Amino acid sequence: MIEDTDLIRKLIEGDRISFEKLVKQFKNKVFNTSLSILQNVEDAEDITQEVFVEVFQSLKNFKGESKLSTWIYRIAVSKSLEFLRWKNRKKRFGFMQSLSYNNLTESSFEIPNFFHPGIQLENKERAAILFAAIHKLPENQKTAFILHKTEGLSYAEVADVMQVTLSSVESLLFRAKQSLQKLLGDYYEKNEK
Amino acid sequence: MNLKENWIQETLNSVDNIKRTEVSSQLAERLSNVSFPKVKIIAMLPFVKWIAAACIVLLAGINLVSITQYNKTITTNQTVSNPVYSEYFSYLNTLK
């Protein structure tokens with residue numbers, strides 16, 4: 001926290017070296033969080049840039065009530081979800097898309113087309129199916145699952161980022177796992193059997 | 001555990017050893033060009049403020065004194081007659 005305060009003070013003063021330090025420290029974390037949520041490399045890159053712009057513009061408003069990393073994760077998650085909502089809205093209004101959208105049931109998901117670059121080769125296809133299922137989860141379950149499973153944050157850290165209680169995180173992760181089991185079960189019935 | 005449950009479990013575990021991806025060089029370049037607001041905080045010490053205020057008062061005072069002195073000189077020059085000038089025009093006194 002002391003290091004955070006010192007870094008923030010230097011950033012507000014316009015110290016270029018501190019700025020580079022911050023980017024170096026958080027660029028991969030921000031990019032990977034956005035990538036897991038958006039499941040598109042180009043979109044994740046754009047959002048990563050937006051996150052850092054937002055971070056630098058809002059630094060003076062940062063009250064230090066949470067850790068700097070928590071605050072940056074929070075911005076990354078909210079920017080990514082905001083973008084996803086906008087993209088889904090745009091998609092829904094498309095004429096052709098709306099027809100196919102209506103044909104989709106809640107328990108089904110589209111054929112996986114996102115292959116996370118950080119996944120080991122032998123797990124690529126399985127992980128692609130899992131990411132397609134994650135994409136179908138409600139926002140809060142998706143966020144909790146991604147932060148815990150792919151970003152490796154502890155329950156307490158996830159709770160801080162999402163600004164919810166520890167028990168809420170436990171509940172969200174339990175429900176996320178249940179939903180994923182159901183989605184994957186349906187996928188198995190249709191495609192793997 | 002049947003085949004389906006096993007498959008589900010393996011799929012759920014497929015992200016367990018996920019590695020954090022490095023950002024591309026293009027993105028790194030874009031991030032290094034992100035301009036951040038340079039907020040200059042000028043911390044002025046209390047005694048510096050008083051010195052600045054005293055300087056302003058002193059400058060204003062010097063100017064005031066200078067203007068007053070200048071006005072006095074002008075008036076004196078207009079009232080006190082020059083001896084040479086008085087002597088030259090002294091004949092006018094005889095005409096009176």
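Me: Ground rules before we start: what do the numbering and the confidence limits look like?
Reply: Residues count from 1 along each chain as its sequence is written, and chains are lettered from A and ligands numbered from 1 in the order in which they are written. This is a predicted model, where local features need pLDDT of at least 70 and side-chain atom pairs count only at pLDDT 80 or more, while totals for chains, interfaces and linings use all residues.

Me: Fine. How many helices and strands in chain A?
Reply: Chain A has nine helices and zero strands. Helices (H or I, at least four residues) and strands (E, at least two) are DSSP runs, numbered from the N terminus.

Me: And chain B? How many there?
Reply: Chain B comes to five helices and zero strands.

Me: What domains does chain A have?
Reply: Domain 1 covers 1–103 and domain 2 covers 105–193. The bounds come from an automatic or database domain assignment.

Me: How many residues does each domain put into the contact?
Reply: Domain 1 of chain A gives eleven residues and domain 2 of chain A gives twelve. Two residues are in contact if their C-beta atoms, placed from the backbone, lie within 7 Å.

Me: Which elements supply the domain 1 side?
Reply: Helix 2 (16–38) and helix 4 (68–93) of chain A each give two or more residues to the side that touches domain 2. Helix 4 gives the most, with five residues. By class, that side of domain 1 has four nonpolar, six polar and one charged residues. Ala, Val, Leu, Ile, Met, Phe, Trp, Tyr, Cys and Pro count as nonpolar, Asp, Glu, Lys and Arg as charged, and the others, Gly among them, as polar.

Me: Helix 7 and helix 9 of chain A: at what angle do they pack?
Reply: At about 95°, with their axes 8 Å apart. The two helices are therefore roughly perpendicular to each other, a label for angles of 65 to 115 degrees, with under 35 roughly parallel, over 145 roughly antiparallel and the rest oblique. Axes are lines fitted to C-alpha atoms, for helices over the stretch in contact, and angles run from 0 to 180 degrees between N-to-C directions.

Me: Which residues meet there?
Reply: Among them are Ala144(A), Phe145(A) and His148(A) in helix 7, and Leu172(A), Leu173(A) and Arg175(A) in helix 9. The contact has six nonpolar, four polar and one charged residues.

Me: Backbone next. What is the phi of Gln39(A), and where is it found?
Reply: Gln39(A) has a positive phi of about 55° although it is not a glycine. Gln39(A) is in the loop between helix 2 and helix 3 of chain A.

Me: Buried or exposed?
Reply: Gln39(A) counts as buried, because it has 20 C-beta neighbours inside 10 Å.

Me: And Gln163(A), what is the story there?
Reply: Gln163(A) also has a positive phi, of about 55°, and is not a glycine. Gln163(A) lies in the loop between helix 8 (155–162) and helix 9 of chain A. With 10 other C-beta atoms within 10 Å, Gln163(A) is exposed.

How values were computed. A residue is buried if 20 or more other C-beta atoms lie within 10 Å of its own, exposed if 12 or fewer, and partly exposed in between; C-beta atoms are placed from the backbone.
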